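Hi everyone, thanks for making time for this.

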Amino acid sequence: MNCETLENLSTITHNAVLAVAVFTYAVPRCLIYALAKSRFLHTETAIEEVKRLRALLATYTASLSSSSSSSSSSSSPPFSPLPLVVCGPSGVGKGTLIASLLSKFPSKFRFSVSHTTRSPREREENTVHYNFVSVEEFEKIKENDDFLEHATVHGNMYGTALSEVNSKNGDGSVLLLDIDVQGVKNVKSTIESKKLSGAKFIFITPKDLTSLEERLRARGTEEEEAIKRRTENAGKEIEYGKGEGNFDKVLVNDDLGKAEKEFCEVVKGWYGL
Ligand SMILES: Nc1ncnc2c1ncn2[C@@H]1O[C@H](COP(=O)(O)OP(=O)(O)OP(=O)(O)O)[C@@H](O)[C@H]1O
């Protein structure tokens, strides 16, 4: 099997891709890397293709095990790979750190488009940045039990539809969720009640509340009253964030360069990048 053959695999039929994926998945990791380093599979393209096929198979495997498990989880989407949940108080730098991660791994992560009842900010587009919906529309989705998480934050409702969790084309990309503490609690409870396969949780915290407030003010997107409210909320959020067992990792965003590096390293470790 040479490089060109591997590259062409993405264009062949579904069954053939699955068959090759089964083969590559069955071969131990060390053997794959030994092969990848050999004269037959020595390019980065080939290694990437093997990884892609493994991810593809993992998606199918999770899908099969989900559908064959208990009836309560038979309609639940399999999480493969596990979603990455980034949480922290408003203004702590979640968006900034995520943007930095995405610049390094543009195709590995994707956002869900959340539903929200808040009004669009300047340059925000419906269905691109958010699905902007009315309170009535939002309530309807809640009643149908179709949210992975939903929360009311600063007077507006936000939610992630269950349909957003798995990639539509089986490319193995990781869903990134940028949510607040309420959202995290919701995700944990949905995972538990629907017997889903979990998520990786990271909490971003500021050095102290003063620097958080300054950061929010410098961003210039909120009125003074909203800045005060967000800073007040932050105290409790940080307490939960640092609570034992609530997050897989708590990361301090003080020096941005250091935080970006650490964030990237942690995520690389979790997803084998
Ligand atoms: N380590 C840092 N030092 C100084 N400023 C920072 C740091 N990290 C982020 N910022 C700045 O702080 C502001 C808030 O960052 P960002 O918008 O990424 O926060 P957020 O957590 O995504 O906020 P929200 O939840 O409200 O969307 C931005 O102006 C950003 O440039």
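First, some ground rules. What you see is a predicted model, where local features need pLDDT of at least 70, side-chain atom pairs count only at pLDDT 80 or more, and totals for chains, interfaces and linings use all residues. Numbering starts from 1 along each chain, as its sequence is written.

The protein chain has ten helices and nine strands; these are DSSP runs numbered from the N terminus, with helices (H or I) of at least four residues and strands (E) of at least two. Of its 273 residues, 30% count as buried. Buried here means 20 or more other C-beta atoms within 10 Å of a residue's own, exposed means 12 or fewer, partly exposed is in between, and the C-beta atoms are placed from the backbone. Take contacts in the chain between residues at least 6 apart in sequence: 68% of them join residues at least 24 apart. A contact is a pair of C-beta atoms, placed from the backbone, within 7 Å.

Now the core. The largest nonpolar core contains 32 residues; such a core is a set of buried Ala, Val, Leu, Ile, Met, Phe, Trp, Tyr and Cys residues joined through C-beta atoms within 7 Å. Among those with the most contacts inside it are Val86, Cys87 and Ile202. Beyond its neighbours within four places in sequence, Ile202 contacts Val86, Phe247, Asp248, Lys249, Leu251 and Val266.

Which residues does Val181 touch, not counting those up to four places away in sequence? They are Cys87, Glu237, Tyr240 and Gly241. Val181 lies in helix H7, residues 181-193, and counts as buried because it has 22 C-beta neighbours inside 10 Å.

Is Lys94 buried or exposed? Lys94 is buried, because 21 other C-beta atoms lie within 10 Å. Leaving aside neighbours within four places in sequence, Lys94 contacts Val86, Gly88, Asp178 and Ile204. Lys94 and Ile179 are 85 residues apart in sequence, yet 9.1 Å apart in space, C-alpha to C-alpha.

On to helix packing. Axes are lines fitted to C-alpha atoms, for helices over the stretch in contact, and angles between N-to-C directions run from 0 to 180 degrees. Helices H8 (209-219) and H9 (224-241) pack at about 150°, with axes 10 Å apart. H8 and H9 are therefore roughly antiparallel; that label applies over 145 degrees, with roughly parallel under 35, roughly perpendicular from 65 to 115, and oblique for the rest. The residues making this contact include Leu212 and Leu216 of H8 and Ile227 and Ala234 of H9.

In the other pair, the axes of H5 (94-104) and H10 (256-271) come within 10 Å and cross at roughly 60°, so H5 and H10 are oblique to each other. Among the residues that meet are Leu97 and Leu101 in H5, and Phe263 and Val267 in H10.

Arg123 has a positive phi of about 75° although it is not a glycine, and sits in the loop between strands S3 (114-116) and S4 (130-132). Arg123 counts as exposed, because it has 7 C-beta neighbours inside 10 Å. Lys195, also not a glycine, has a positive phi of about 55°. Lys195 is in the loop between H7 and strand S8 (200-205), and counts as partly exposed because it has 13 C-beta neighbours inside 10 Å.

Technical notes:
Two residues are in contact if their C-beta atoms, placed from the backbone, lie within 7 Å.
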